[in-house]
Amino acid sequence: MKMRAALLGAVAVMGLAPAAFAERGADGEVKLTFPQAVSIVNPYLSGGTKDILAAAMVLEPLAVVDPNGVLVPRLAVEIPTMENGGVSADMTSITWKLQPGLLWSDGTPVTADDAVFTWQYCTHPEGGCSQATKYEGVASVEAVDPSTIKVTFSAPKPNPYTAFVSGLSPILQKAQFEACIGAAAPTCTDANNMPIGTGPFKVVGFTVNDTVSMEANPNYRDPAKPAFATAVIKGGGDAEGSARAVMETGEFDYAWNTQIPPDSQAAMAAAGKGQFVVAFGTLVERIEMNMTDPSPELPEGERATVKHPHPILSDIKVRTALSKAIDRSILVEVGYGAGGKPTCNVIPGPEAWASDNTACLTQDLEGAKALLEEAGWTDSDGDGIRDKDGKKLSILYQTTVNPIRQDFQALIKDWWTEIGVEVELKAIDPGVFFGGDPGSPDTFQKFYADVEMYANNSDNPDPETYLGQYQCKNAPSPETQWQGENINRFCDPAYDALHAELTQTTDLAKRQEIAKKLNDMVTKDSMVVVPLVHRGTLSAHSNTLGGVQINAWDMETWNVADWFRVK
Amino acid sequence: MLTFTLRRLLLAIPTLLVISLVIFLLVDLAPGSPMSEIPLTVPPEVRQKMIEALGADQPVFVRYLLWLRQFFWVEPAYLIDGWFGTTWSEGEQRILSWQSRSPVFTIIGQRIPQTLIVIGTAYLVGILIALPIGIYSAYRQYSLFDQGGTLFAMIGFSVPTFFSGTLFIIIFAVWLGWFPTKYDTQLVVNDWNSFLEQMRQMALPVMTLGLANAAAISRYMRSSMLDNMTMDYVRTARAKGMTERTVVLKHVLRNSLIPVVTVIALGIPSIFGGAIITENLFGVNGIGAALIGAIHASDLPMVQTLAFIFAVLIVLFNLIADILYGLLDPRIRYD
């Protein structure tokens, strides 16, 4: 009898313990700081990660991607697959089931109509929706019944998890945004800054480009969450200041994007108040080779177009030599520390999609010199710079104004000079470089230089769209107003054919195999893209903040409902 | 004096119109695009749609005329509607920021108080430190105090705020832990404790800016005092047997203040302009931080409106300085 009572007591204690910890709002306030302040809390009108991170605490999609790149249901009951009948056999539709009893933070029920509306909102031709690609290929979204959403595609879609998946494409409340569709979208200031959502928090105060104040959502579906009663996101300053506020002064609990020099990282970690966390997605710092001639002597309109192949870089031996001369581990050590690792791939992850291409990781200056000799570039006049047919081996190397990139430029220039290549450096304001203004000569698409360095990534673990950038037809040119993602003007019919095959392939293993092959075609086989560093997102959190699971495949705030105060 | 003021005010209208056009063209011709912060994963077609939704693809003169109309008609009408409940601005489009899609004047309204409190206090503190230093330095020229004051001014002049600010953060926030490094803009001052908290969070930015302001003004004060010290009327005053105190503080100081007051008045627009670097460093959400943020994001409506407001303030305070000059110095008359 005593034994039984004791056991019962133990069971009772075990049952109570989590309840005592897990009570909504028991842990007070959580304070986040971003180096760039939040401008708007509607992810469909923003493109900046800073805004979407804040929105992800308020608005939720049907499913999110967890840190391992696996889909996890959010508002949906389960992930629809072909096995459970959620995805049609011909891959032209996907049917999602909403969880029962979902409420918006204002207490009204969530219905399939809200999802239908969200699709209409983002695909309206005058709305300027920044996440329009999420709904690409979607022919219609229907509410089969109040809790069933059917998305129909105009063609078979091997990867149907784009619309309403991840923090980039959450569901908006129809009642709130109904009057804000199309051209009226930007004028709904209140709705855009304080959207009604289903997430763990709701916005209660917003000052543009400064602070977002949130409170726990009283109608959140898990009555025990979130552990914090309020949340504040303070923006502005720089990465160094944000990191300091968490790691050294302890004023904040979480700082996003604290990419600071490795020596500062070590010094701040030594203060013992917090820790850096890093998530590796697909962001790769790379050097892109221009396959066309950017010479200013060519007439405008023909300069840097496929009409004129590059006089030096068209030779694969030169491209390979330039890659061989680089020591990627030194670059990581100097620029990123824990926030980066050397890579030879354009698709560095998820692991199942990444090629085992590691040949570039060891620097080989002698090999590089030999290759240049072989290509006919010799130093005939003894000035230290190679030449061929009276032409100097001289290249212009451009990137954006950024301290790490300028360090990289200096290091790489040294290595290239050592193998007899003359290098001229150029740094461009990032607003101009990435601005895409067809009238400016300094955009990365126009590429009026021989090589350029920047970082790019795939916004989906499945890299189909991302790899599609290197198709011939995507080369920027005067005819396309210099728009297009194939900025190298790389053109290989075999690549285009293989990519076309990828879009038709449904078997996952086969898809991964093709993706690896495509990755190799632009990197080790042709050296058109010279990957340098696989960059992670480095963030910092205080030692008193628990439950943080940094995520490279979705928003870092994806599991903010599970964050708690370590006592 | 009145005709002078009126003439100057009328003359200001075409001046400001020309300034607004020049600013608009400069801002428009400057490289950069509102799409530069959008990740590269967003394809060009979507970017094009976003630019169209912003209205950024319209020809420059159309956008300029629209902006003029919004600035001089829609925004004042909106203000009057807010006061008297009229409906003049109904259905009219206010000036919207491209970056946040919020009305530019709402953002300015949110930010002006912070800027006035922090930058204004720093300016005041700067003046209060600078005047005594300037006066005493001049009175005891080449003394140890004067040398010290010169050193202080040199440091204040030559050390940029991004350096002194970071130094103060490391000393007072990281090592000593006295003050916070990030300004909490949500703090409501309603009791003694929150007031102290406000003082604490203002300490570092005010210190940083105060140093820079005090340096400049103390030099003006000193040189103006030195000019007057050797004047005949000072010798006369001394010969009459007045105390040094009366001579320096009544006769010399009053006359020396005339140019200093002008300098101080001309510096007031810069309070409204905020302090770009300091505000950014300490996370004060003032006008300066708004301007630099808007420039980075190529948020043309925001940059244009702010730059134009600064131009108005500068023209206005130039006029005020001229009038003050006339009031303080009876020898100067404009009519």
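Modeller: In chain B, I107(B), I108(B), R111(B), I112(B) and T115(B) of α4(B) meet I287(B), G288(B) and A290(B) of α11(B); two residues are in contact if their C-beta atoms, placed from the backbone, lie within 7 Å. By type, the residues of this contact divide into 5 nonpolar, 2 polar and 1 charged. Here Ala, Val, Leu, Ile, Met, Phe, Trp, Tyr, Cys and Pro count as nonpolar, Asp, Glu, Lys and Arg as charged, and the others, Gly among them, as polar.

A word on the model: it is predicted, local features need pLDDT of at least 70, side-chain atom pairs count only at pLDDT 80 or more, and totals for chains, interfaces and linings use all residues; pLDDT is the predictor's confidence in each residue, from 0 to 100. Residues are numbered from 1 along each chain as its sequence is written, while chains are lettered from A and ligands numbered from 1 in the order in which they are written.

Back to the pair: α4 covers residues 104–139 of chain B and α11 covers residues 287–296 of chain B, and they pack at an angle of about 135° with their axes 8 Å apart. That angle makes α4(B) oblique to α11(B) (under 35 degrees is roughly parallel, over 145 roughly antiparallel, 65 to 115 roughly perpendicular, the rest oblique). Axes are lines fitted to C-alpha atoms, for helices over the stretch in contact, with angles from 0 to 180 degrees between N-to-C directions. Helices are DSSP runs (H or I, at least four residues), numbered from the N terminus.

T189(A) is buried, with 20 other C-beta atoms within 10 Å (20 or more is buried, 12 or fewer exposed, in between partly exposed). T189(A) also sits 8.8 Å from I40(A), C-alpha to C-alpha, though they are 149 residues apart in sequence.

Technical notes
Helices (H or I, at least four residues) and strands (E, at least two) are DSSP runs, numbered from the N terminus.
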